[in-house]
Amino acid sequence: KYVYLKSTKNCKYTDEDVKGGKTYQYRVRCYWTIGGTNYYGNYSSVISVTTPPAKVTEVDTETRSSTYLTLNWKKVSGASGYRIYKYNTSSKSYEKVTTISKGSTVSYKITGLTAATEYQFKVRAYKKTDTGTLWGSSSSAYKDCTKPAQTKNLKAATKSSAVTLTWSKVARAGGYQIYRYNSKTKKYENATVKGNKTFSYKNTKLKKGSTMKYKVRAYKTYNGTNYYGAYSEVVSIKVK
């Protein structure tokens, strides 16, 4: 049924008690007050109004690699779908990544990204109506970064009871972790090499004749969290 909202002398009224992505119906009638009694005219024709969807919130990263970020966000009630935008640092503007056609889909995998790089995104909901498409406000800008690329060209050399490891630089990495296999625990143990200008590591005081196995991965620190690239191939070497 229709619920009375307000009496006004103006030919204008703003209903602020509404939700995004909902359709509301209204009708109006005039009245005259004579001797303390209100006399009402006929109701106007009914008008239907659909509100735009609410602003997208709680954008976050679900999964990541060196080439993709999977974003998720809170479902917007009444939305028909969503559009994702990525910031272009060259044009200094947001560009469309994709349009999602289901309001129940609240995640998307953005591929083709560069390793160890910060990206900025926005998401907004839309609702389709008989007269067109209504767009909600874009989410606040969301920033995150990809993981570093895989470490490659790991090589090992040995002399004087030591093993020296070298590898190729990983672009935009913050540093590297070196892992050595422990035959007793059957696990890899790690040491961290800080800085992206260091591409070697010397493991000393080793037992001659023993066989050592190593692997290396790069990391990038972003907002206080370390994100790790894929491990290099394992190298084995007999200590001299």
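**Aromatic pairs.** I searched the whole structure, a predicted model, for aromatic pairs and found 10. Rings of Phe, Tyr and Trp (its six-membered ring) count as a pair if their centres lie within 6.5 Å; planes under 30 degrees apart are stacked, over 60 edge-to-face, and the rest tilted. I looked up tryptophan 73 and tyrosine 82: the ring centres are 5.5 Å apart and the planes stand at 65 degrees, so this pair is edge-to-face. Both tryptophan 73 and tyrosine 82 are buried (under 20% relative accessible area, with a 1.4 Å probe and protein chains only). I also noted a cluster in which ring pairs link Trp167, Tyr176 and Phe199.

**Reading conditions.** I number residues from 1 along each chain as its sequence is written. Local features need pLDDT of at least 70 and side-chain atom pairs count only at pLDDT 80 or more, while totals for chains, interfaces and linings use all residues; side-chain values use heavy atoms, without hydrogens and water.

**Charges over rings.** I applied this criterion: NZ of Lys or CZ of Arg is within 6 Å of the ring centre and within 35 degrees of the ring normal. Arginine 27 lies over the face of tyrosine 2, 4.2 Å from the ring centre. The charged end of lysine 213 sits over the ring of tyrosine 181, at 4.5 Å from its centre.

**A sheet.** I traced an open sheet of three strands in the order E13-E14-E17, with antiparallel pairing. Strands are DSSP runs (E, at least two residues), numbered from the N terminus, and two of them pair if DSSP finds at least two bridges between them. Strands E13 (155–159) and E17 (200–203) stand at the edges with a single partner strand each, so one side of each has no neighbour in the sheet. E13 and E14 (residues 162–166) pair over five bridges, and threonine 158 stands opposite valine 163 in E14.

Terms used:
Helices (H or I, at least four residues) and strands (E, at least two) are DSSP runs, numbered from the N terminus. Buried means under 20% relative accessible area, exposed over 50%, partly exposed in between (1.4 Å probe, protein chains only).
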